[in-house]
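Here is a short report for a first look.

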Amino acid sequence: MPTLRVGLFILCAVPAGLLIERLLTGGLGANPVEALLHGTGSWGLRLLLVTLAITPLRHLTGANWLVRLRRQVGLWAFAYASAHFSIFIVFEHRAVLSSIVEDIIDRPYILIGTSAFLLLLPLAITSTKGWIRRLGRRWQQLHWLIYPAAVLGVLHFFMLIRANRWTEPLIYAAILALLLGFRALRRWRVV
Amino acid sequence: ESLDGLADSAFSTDETLTGYEEITTYNNFYEFGTGKEDPSSLAPKRLEHRPWTITISGEADNTGEFEIDDFLSGLTLEERIYRLRCVEAWSMVIPWAGVSLASVIKRAAPTSKAKYVRFDTLYDPQVMPAQAARGFSFLASIDWPYREGLRMDEAVHPLSFLATGLYGKEMPSQNGAPIRLVVPWKYGFKSIKSIVRIHFQETQPETTWAQLAPSEYGFYANVNPEVNHPRWSQAEERRIGELFKRDTLMFNGYADEVAPLYAGMDLRAQY
């Protein structure tokens, strides 16, 4: 298990490593801030979907050990989302609170993205063993917040699309629908 | 390749130039794809700069087809260092080379009926892959060729420029070779690339982005920090090469020169 966890850690760190490598070598092009913003946002969303895929995969394959990887993937998703949100705060808004608030009020996709991030925040905080023990049954309930967070994350991506480049957000929406659909079917004892 | 004897211009800014590398690899030229790097990877090997014919048509006395070198002969080739502000909230400082649009228009001798001038980009799906796009892709929904236009008083304004080069060199394909418009107080999409037709007309032309998304892009498209794009703020911009955003200036900093053109107009309604 530790080997698997280390392997997963390295795998999840690869996109960040590549972004940093390209940043240092000028490989991010003429607008590196934009490239970092998009790169971290995309990976946050992808890893959030991977986190949501673990339970259905476990049910379908019977590979129960998968669940032990879930927290790490979820935390990586949160790490990328945090980087994304921080870049937005610092480089899009020079960390000026009034400017950030105005953007959130004026632009629905910013509001939705911010909401998605804020929903992930308590999940990351309560991901430790101590919090799981302390919250008991309520931990599970709290962590259902990942569903609205994922839906809002995909919606955020949809709303910022320019020039109708729908392919990527459509793929994420389809995967999310599949993952949520699987849970619904299981709940109704269809699968 | 390099252009000699460029005249200096009083309109040039002394701000730090954006690097040649950035100017030539971060482009919106949807004829070659919607990615910023698509034009620099595709256009140089596909777009031939000569022979190139420019057609002058419509409400003008001196209409016809002109070979580009004849079209330019006798006109003063100047360097103009202009700010370029993209509607996507990034900007550059670019040392263009070219001729004043007014000098070209004077030669065309528009009639009194000419209230607007329209520009068309080359239409050649063999050269520009996006023009051959079919099906559900966004590129297939564009009514090619790309078209842009100006009101006649905007077109003959001394700042309006037809560029044939940058950094003292012949225009790179991805930047709109061999000849493109530069209207520095308007969002970049007005500055149409690879022009093959200049058409004088009485009515306001249908322009590509205003047609595609009328609620997001207007005919005037003047840089205006007070009128936001529906999905992002236009109050600030990222100057390429800088980390933090800077304030966007009214008319991209050319208000002293061009504000009188719009006296009495509601710039919120006529965006």
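Contact here means heavy atoms within 4.5 Å. The model is predicted.

## The interface

On that basis, 18 residues from chain A and 26 residues from chain B take part in the contact. Together, chain A and chain B bury about 2000 Å². Carbon and sulfur atoms account for 45% of that area. Three residues stand out on the chain A side. Ala30(A), Arg94(A) and Arg162(A) supply 35% of the area that chain A buries against chain B. That is more than any other three residues.

## Charged and polar links

Four salt bridges are found across the interface of chain A and chain B. In a salt bridge, the side chain of Arg94(A) meets that of Asp247(B), at 3.3 Å from N to O. Polar contacts are also found across the interface of chain A and chain B, in ten residue pairs.

Which helices of chain A each supply at least two residues of the side that touches chain B? They are helix 2 (32–61) and helix 3 (67–92). Helix 3 of chain A gives the most, with three residues. By class, the side of chain A that touches chain B has nine nonpolar residues, six charged residues and three polar residues.

## Aromatic pairs

Now to the rings. Over all chains, the whole structure holds 22 aromatic pairs. One of them joins Tyr30(B) and Trp209(B). The ring centres are 5.8 Å apart and the planes stand at 70 degrees, so this pair is edge-to-face. The pair links distant parts of the chain, 179 residues apart. Tyr30(B) sits in the loop between helix 1 (20–23) and helix 2 (38–46) of chain B. Trp209(B) belongs to helix 6 (residues 208–212) of chain B. Are these two residues buried or exposed? Both Tyr30(B) and Trp209(B) are buried.

Tyr220(B) and Tyr262(B) form another pair. With planes at 85 degrees and centres 6.1 Å apart, their rings are edge-to-face, because planes over 60 degrees apart count as such. Tyr220(B) lies in the loop between helix 6 and strand 11 (236–239) of chain B. Tyr262(B) lies in the segment after helix 7 (255–258) of chain B. The pair therefore ties together parts that are 42 residues apart in sequence. Tyr220(B) has a relative accessible area of 6%, so this residue is buried. Tyr262(B) is buried too, at 3%.

## A ring cluster

Ring pairs also build a cluster in chain B. Its members are Tyr30(B), Phe138(B), Phe189(B), Trp209(B) and Tyr217(B).

Conventions:
Residues are numbered from 1 along each chain as its sequence is written. Chains are lettered from A and ligands numbered from 1 in the order in which they are written. This is a predicted model: local features need pLDDT of at least 70, side-chain atom pairs count only at pLDDT 80 or more; totals for chains, interfaces and linings use all residues. Side-chain values use heavy atoms; hydrogens and water are left out. Buried area is the accessible area (1.4 Å probe) that two parts lose on being put together, summed over both. A polar contact is a pair of N or O atoms within 3.5 Å; within protein, one must be able to donate a hydrogen and the other to accept it, and residues adjacent in sequence count only if both atoms are side-chain atoms. Helices (H or I, at least four residues) and strands (E, at least two) are DSSP runs, numbered from the N terminus. Ala, Val, Leu, Ile, Met, Phe, Trp, Tyr, Cys and Pro count as nonpolar, Asp, Glu, Lys and Arg as charged, and the others, Gly among them, as polar. Rings of Phe, Tyr and Trp (its six-membered ring) pair if their centres lie within 6.5 Å; planes under 30 degrees apart count as stacked, over 60 as edge-to-face and the rest as tilted. Buried means under 20% relative accessible area, exposed over 50%, partly exposed in between (1.4 Å probe, protein chains only).
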